[in-house]
Amino acid sequence: MLLSFDTASPLVTVALAEGTEVLAERVTEMAMKHGEQLAPLIAGVLEDAGAVRQDVSAIAVGVGPGPFTGLRVGLVTARTLGFVLDVPVYGVCSLDILAVQALDVGAVDGPFMVATDARRKEVYWATYDEFALRIDEPAVNRPVDVASDLPVVGEGARLYPDSFPHAVGPVRPSAGWLARVVAEERAELLDPEPLYLRRPDAVASPPKAVS
Amino acid sequence: MNEPLVLGIETSCDETGVGIVRGHTLLADAIASSVEEHARFGGVVPEVASRAHLEAMVPTIERACETAGVKPRDVDAISVTSGPGLAGALLVGVAAAKALAVGLDKPIYGVNHLASHVAVDQLEHGALPEPCLAMLVSGGHSSLLRVEDITTGVDPLGATIDDAAGEAFDKVARLLGLPFPGGPHIDRAAESGSKVYVDFPRGLTSRRDIERHRFDFSFSGLKTAVARWVEARERSGEPVPVADVAASFQEAVCDVLTRKAVDAAVTHGIDHIMIGGGVAANSRLRVLTEERAAAKGIRVRVPRPGLCTDNGAMVAALGAEMVARGRRPSPLDLPADSSQPVTSVLV
Ligand SMILES: [Zn+2]
């Protein structure tokens, strides 16, 4: 069974799948609580599917781009679980999950864009062909600098309608679709490395807050 | 029952620590530090620290398991620093600990970083006497704690009202042109200096201060006094006697710390003082505490320097004590709490 999760949006989404069949899926609406929610949700989907941890034969994780803190929760969880369960860990660009879902549910039928909320008045984005294959590397920009008349999937389109007038399809990635993407190899499978796309803010905290 | 085998994870600041203990026995203490990545910023950059924790986590867990000669599935429980510390940094450790707990189907204990600094002494000197007075001194903390049972809570008797002791060491080291971190360099420079060369102020020791702040500390005035003294010397064109200033400053810090620690122990009828945190490595602090404590019939315990600074073993040590005393594990949705109070030792 494939255990999949994505923490690159404000939500945490977790699924357990056998091939392309999603056996259990859980999502929470509590925004920005990845650290609290991910582990209980994993335990929850195992329970929902009547499975045990030893049934997990691979792990898939959304590697972003997305808010760093949540992203790291997903990645450290995937890597650590992969280590203790001794199973492979596949990374998938979180924008690709939205792209495949948008195509398969019929929200798009030609070239399109995926744009998600990068905060700081910017979007994470990439463009896709009619098969939902990514054409370029994901990037982070101000909406006005990458404004597009293409259909745009994802939360970015909802947040910046002036730059992206044609909002379509799903808003946030789901772990069930991530499982399908991996099962059918519909996107490039990556190492579980975070796609930060931004350098850290080089602001030192006051001397050791705690030591 | 055999003593519990516990793996502990610490990521509250810039050190990724994974320790493994069996009861009071240290089996592994693996550490990866991102301190060098922060050096050019003159302080710890939280985002840099968090990124480094993610990269170091699994390799450090692996290294700890190898050193201890145990398989992850052999452990009885996982413990992790849930706070206090840098929020984003703590979160990486807490998430990793939860992944271990879910992946191994073992209980998890989210524990307090400061209480862990106290518990680590059990790896060196065996069970903590109860009660025990803990003096925690580091770059982020200077506090006196009454510890009755480390697994149920500690009673803060006093703390710094401004700078931490370690912070004062760092700032004075910079004034004297000594490298960071200041503690060890001041300690070394002070060896050949005179403790009484300058009579620097002892914060919160006047009769009036004692009424309100009997067991509290203040090092900000001391730091300013050293700065003024050094500036005056430089203005007059005379060389600054680095060793003498270092020794006099160190004496002022250690005098106040030990005086108040011994006073607190005597007042509370406690006959053991435990010193923890990075500044516990200071040679003068150890000597002066032992001297003054002995005069009152009080024994002093100090873990070796490697266990005083942040590490995973201390978190494992506290976790092992939680298991041994049958404390209830934390829920799987336990949060990281960057300002977890010292009174909350288990979440
Ligand atoms: Zn510490």
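Student: Which conventions apply here?

Tutor: In this predicted model, local features need pLDDT of at least 70, side-chain atom pairs count only at pLDDT 80 or more, and totals for chains, interfaces and linings use all residues. Residues are numbered from 1 along each chain as its sequence is written, chains are lettered from A in the order in which they are written, and side-chain values use heavy atoms, without hydrogens and water.

Student: Which residues touch the most other members of the largest nonpolar core?

Tutor: In soluble globular proteins, nonpolar side chains tend to be buried together. A nonpolar core is a set of buried Ala, Val, Leu, Ile, Met, Phe, Trp, Tyr and Cys residues joined through side-chain atoms within 4.5 Å; buried means under 20% relative accessible area with a 1.4 Å probe, protein chains only. Here the largest core has 63 residues, and A:L3, A:F5, B:L7 and B:I9 touch the most other members. Helix α3 (residues 87–104) of chain B gives the largest share of this core, 11 residues.

Student: How much area do domain 1 and domain 2 of chain B bury between them?

Tutor: The size of an interface is often given as the accessible area lost when the parts come together. Buried area is summed over both parts, using a 1.4 Å probe. An automatic or database assignment gives domain 1 (5–120 + 311–324) and domain 2 (130–303) of chain B. These domains bury about 820 Å² between them, 86% of it on carbon and sulfur atoms. On the side of domain 1 of chain B, B:L114, B:H117 and B:V118 lose the most area, together 56% of what that side buries.

Definitions and conventions
Buried means under 20% relative accessible area, exposed over 50%, partly exposed in between (1.4 Å probe, protein chains only). Helices (H or I, at least four residues) and strands (E, at least two) are DSSP runs, numbered from the N terminus. Buried area is the accessible area (1.4 Å probe) that two parts lose on being put together, summed over both.
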